[in-house]
Amino acid sequence: MPSVQRVPTFEQRHSIEELVGIRRDMLRYARSFPPGAERNQRRQIALSLRALFKNKDWLDAHTWEGAALLADHLRLSSKRG
């Protein structure tokens, strides 16, 4: 079976402020709908983002601030080793 070469994926990072803004906008957008499935779907997205904000590992992996902290930590640990 021939080997498949994988192309690295691009992971988009955001600042925490951007993510908070996205959540806020999603809640505002949800309020523009009458009660029902569309409104609930957007509220669920906002709730999911809120849950992700509490997950430090996710924030470290998906935000610029987390990436900077991780890079600093790796740089310091490589100097010690």
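In which segment is S15 found? S15 lies in the segment before helix 1, where helices are DSSP runs of H or I with at least four residues, numbered from the N terminus. The model is predicted, so local features need pLDDT of at least 70 and side-chain atom pairs count only at pLDDT 80 or more, while totals for chains, interfaces and linings use all residues. Residues are numbered from 1 along each chain as its sequence is written, and side-chain values use heavy atoms, with hydrogens and water left out.

S15 is buried, with a relative accessible area of 15% (buried means under 20% and exposed over 50%, with a 1.4 Å probe and protein chains only). Leaving aside residues up to four places away in sequence, S15 touches W64 and E65, contact being heavy atoms within 4.5 Å.

Helix 1 (residues 16-31) and helix 2 (residues 37-53) have axes that come within 8 Å and cross at roughly 160°, the axes being lines fitted to C-alpha atoms over the stretch in contact and the angles running from 0 to 180 degrees between N-to-C directions. Helix 1 is therefore roughly antiparallel to helix 2, a label for angles over 145 degrees. Among the residues that meet are L19, I22 and M26 in helix 1 and I45, A46 and L49 in helix 2.

One salt bridge is found in the whole structure, a salt bridge being a side-chain nitrogen of Lys or Arg within 4 Å of a carboxyl oxygen of Asp or Glu. This salt bridge joins the side chains of D60 and K56 (2.9 Å, N to O), which are separated by about one helical turn because they stand four residues apart in helix 3 (residues 56-62). K56 is exposed, with a relative accessible area of 54%.

How values were computed: Helices (H or I, at least four residues) and strands (E, at least two) are DSSP runs, numbered from the N terminus. Angles under 35 degrees count as roughly parallel, over 145 as roughly antiparallel, 65 to 115 as roughly perpendicular and the rest as oblique.
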